[in-house]
Structure formats: structure tokens, C-alpha cells
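I am opening my notebook on a new structure. I want to look up a few spots, one entry at a time.

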Amino acid sequence: MSEIRTALTIAGSDSSGGAGIQADIKTMMANGVYAMSAITALTAQNTMGVTGILEVPPEFLAKQLDAVFTDIIPDAVKIGMVASGELIEVIAEKLVQYQARNIVVDPVMVATSGSRLISEEAVAVLEQRLLSLAAVITPNIPEAEVLAGIPIRCGEDMAQAAEIIFDKYRCAVLCKGGHSLRDACDLLYSGTEARWFAGRRIETANTHGTGCTLSSAIAAGLAKQEPLEQAVEQAKEYISGALAAGMDLGKGSGPLNHAYRLFE
């Protein structure tokens with residue numbers, strides 16, 4: 001049997017299974033890597049919304065990270081929503097301590113509705129301590145506006161924002177389209193050139209967990225030692241298939257079918 005690659009997700013738990021830790025683990029395994037987790041928060045949520053959040057104490061998050069890195073060393077790390085500066089500090093400290101590699105940060109700060117999801121203090125710590133450790137970050141349009149400090153209204157703005165973000169944090173940037181801009185097209189900038197990745201427009205209301213899924217699929221690709229552009233391309237293909245599979249669960253915005261390849 002060939003050696004299996006490993007990936008760690010650091011994120012919150014979604015009790016409905018469509019986003020967060022659960023989506024990350026499904027995605028990583030579906031893309032051929034062994035998945036591990038360190039949970040930052042428990043949430044009570046479903047396809048209609050979040051009804052409760054219970055944050056993990058920083059010292060317990062540290063214990064989870066110690067447990068992973070001292071035993072099964074991850075080939076890649078994906079970081080999702082982390083709501084407090086204290087938890088972000090713990091994550092950054094442990095990533096440096098264990099010399100973690102292939103770090104993918106999904107800087108979850110702004111909801112599709114435009115609502116801020118984490119505090120200004122947490123955003124500041126994220127910018128100061130975590131983003132510079134990443135191999136690639138995957139902001140959506142509102143998040144890229146926060147990180148770049150400019151409004152984004154067109155593809156040229158996306159390209160300018162990606163360059164600003166790269167210059168600030170020295171990590172590759174995958175600026176995700178959507179939010180009525182460039183539709184399913186994403187822009188990858190890694191310091192030398194920008195590349196657009198076209199995506200299939202799939203008409204579905206069931207998009208819960210798409211951001212988590214994309215960043216986890218990229219992490220899986222990097223764990224398998226794929227070049228970044230190849231990892232992004234394959235992640236885009238995977239998420240299109242998971243959306244197109246047409247699963248329809250729940251009363252609100254349902255989850256993707258992360259296991260669609262098993263049923264082909």
C-alpha cells in the first residue's frame with residue numbers, strides 16, 4: 001500500500017455536517033488524504049442558521065494541536081473560522097513551534113450578507129500573526145476588501161487587491177469570485193503572475209459550506225505535493241462536482257454532496 005498523506009483542519013464544528021470540521025474531513029478524505037482535526041468551537045446550527053456557539057478554551061485547543069503534531073504530523077493544515085484573538089494566537093504559536101507546512105487559511109470574517117463574523121481585535125491578530133504563515137489564503141470578495149483596504153467592484157479590482165494582500169503578508173492569494181462579481185471565477189496571485197480559474201455556474205440554493213470545502217480541497221492537494229495551481233484547479237473541479245450532484249437536504253441552504261464520487 002502506498003503512503004497516505006495527511007491533513008489537519010483547525011475550525012469549528014457544524015452540527016448539521018455541511019460546513020466547518022465536518023465538511024473539511026469529508027473533503028480531505030474524498031480527495032485522498034487522511035484527515036485530522038482540532039476544534040475551535042462547537043456550534044448548534046443547521047441549514048437555516050446558527051443558534052449557538054461554544055468556544056473551546058485556548059489551553060484545550062493547544063492540547064489538541066500538541067496531540068496531533070507530536071504523533072501524526074500533517075502534510076498540510078487548513079484553518080477555518082476562529083472567532084477570538086486568543087485562539088488565533090494559540091494556533092500561530094503552535095504552527096511555528098511545530099514548523100507546520102502547506103498552511104491554507106480561509107480567513108472567515110464576513111458573511112455573504114456582509115455581516116462581520118469576528119471582532120476587530122480578532123481580525124487584527126489574524127493579520128499580525130497568522131496570514132504571514134500561510135502558503136495561500138482564500139478570501140471572498142468582502143474579506144479581500146478588508147485585507148486589502150480597497151473596494152472591489154470588478155476583475156481589475158480583484159487583481160489589485162490580490163497584489164496588495166500578497167505584498168502585505170507574502171503569501172499566495174486565491175481571491176474568490178461570487179458575491180455578484182466574476183461569478184464562479186477565482187483569481188490566484190502568487191507574486192509573479194495572476195491566473196484566473198473559471199468555474200462552472202451551477203444553479204442551486206444548496207451551497208452551505210462551499211468556502212470550507214474549497215480550502216480543504218486545496219489543502220488536500222498540497223498535502224499530496226501538488227503544485228499550488230494544480231491543487232486549486234483540482235479543488236475547483238471537485239467543488240463543482242459536489243454542487244452539481246444535486247443533493248437537497250434541510251429546509252434552508254443545504255450542504256454539498258462531498259461523497260459524490262462514490263456514487264458515480
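Before I start on packing, I write down one term: a contact means heavy atoms within 4.5 Å. I also note that this is a predicted model.

**Entry 1: a helix and its surroundings**

I looked up helix α5, residues 141-148. How many of the residues of α5 are buried? I find 6 of the 8, so this helix is largely enclosed by the rest of the structure. The buried ones are I141, P142, E143, A144, L147 and A148. What do they pack against? My list reads α4 (120-130), β6 (136-137), α6 and β7 (172-175).

Next I checked both ends of α5. At the start, a side-chain oxygen of N140 comes to within 2.9 Å of the backbone nitrogen of E143. Just after the helix, G149 has a positive phi of about 75°.

**Entry 2: strand β7 and its partners**

I moved on to β7, one of the elements that α5 packs against. I recall that side chains in a regular strand alternate between the two faces of the sheet. In β7, A172 and L174 point one way, and V173 and C175 point the other way. All four are buried.

Which way do the neighbours of β7 run? β6 and β7 are parallel and joined by 2 bridges. There, I137 stands opposite V173. β7 and β8 are antiparallel, with 3 bridges. L174 has L188 in β8 as its bridge partner.

**Entry 3: aromatic pairs**

I searched the whole structure for aromatic pairs and got 3. I took down two of them.

In one, the ring centres of F69 and Y98 are 5.1 Å apart and the planes are at 5°, so I call the pair stacked. F69 sits in helix α2 (residues 58-69), and Y98 sits in the loop between α3 (85-97) and β5 (103-105), so the pair ties together parts 29 residues apart in sequence. Is F69 buried or exposed? F69 is buried, at 6% relative accessible area. Y98 is partly exposed, at 22%.

In another, the ring centres of F166 and Y189 are 5.6 Å apart and the planes are at 90°, so this pair is edge-to-face. F166 belongs to helix α6 (residues 155-169) and Y189 to strand β8 (residues 186-189), so parts 23 residues apart in sequence are tied together. F166 is buried at 11%. Y189 is buried at 10%.

**Entry 4: salt bridges**

My search of the whole structure for salt bridges returned 13.

D66 and K94 meet through their side chains at 3.0 Å, N to O. D66 lies in helix α2 and K94 in helix α3, so the pair ties together parts 28 residues apart in sequence. D66 is partly exposed at 24%. K94 is buried at 9%.

D75 pairs with R101, with the closest N and O atoms 2.7 Å apart. D75 is in the loop between α2 and β4 (76-79), and R101 is in the loop between α3 and β5, 26 residues apart. D75 is buried at 8%, and R101 is partly exposed at 41%.

E226 pairs with K224, with the closest N and O atoms 3.8 Å apart. Which residues are joined into one network by shared partners? I wrote down R5, D75 and R101.

Last, I looked up D24, in helix α1 (residues 20-30). D24 is buried, at 0% relative accessibility. Leaving out residues up to four places away in sequence, D24 touches T9, A11, K78, C212 and S216.

Methods:
Residues numbered from 1 in each chain as written. Predicted model: local features only at pLDDT ≥ 70, side-chain atom pairs only at ≥ 80, totals over all residues. Heavy atoms only, no water. Phe/Tyr/Trp six-rings, centres within 6.5 Å; stacked < 30°, edge-to-face > 60°. Buried < 20%, exposed > 50% of the residue type's maximum accessible area, 1.4 Å probe, protein only. Polar contact = N/O pair within 3.5 Å; in protein donor to acceptor, adjacent residues only side chain to side chain. Pairing = 2+ DSSP bridges. Salt bridge = Lys/Arg side-chain N within 4 Å of Asp/Glu carboxyl O.
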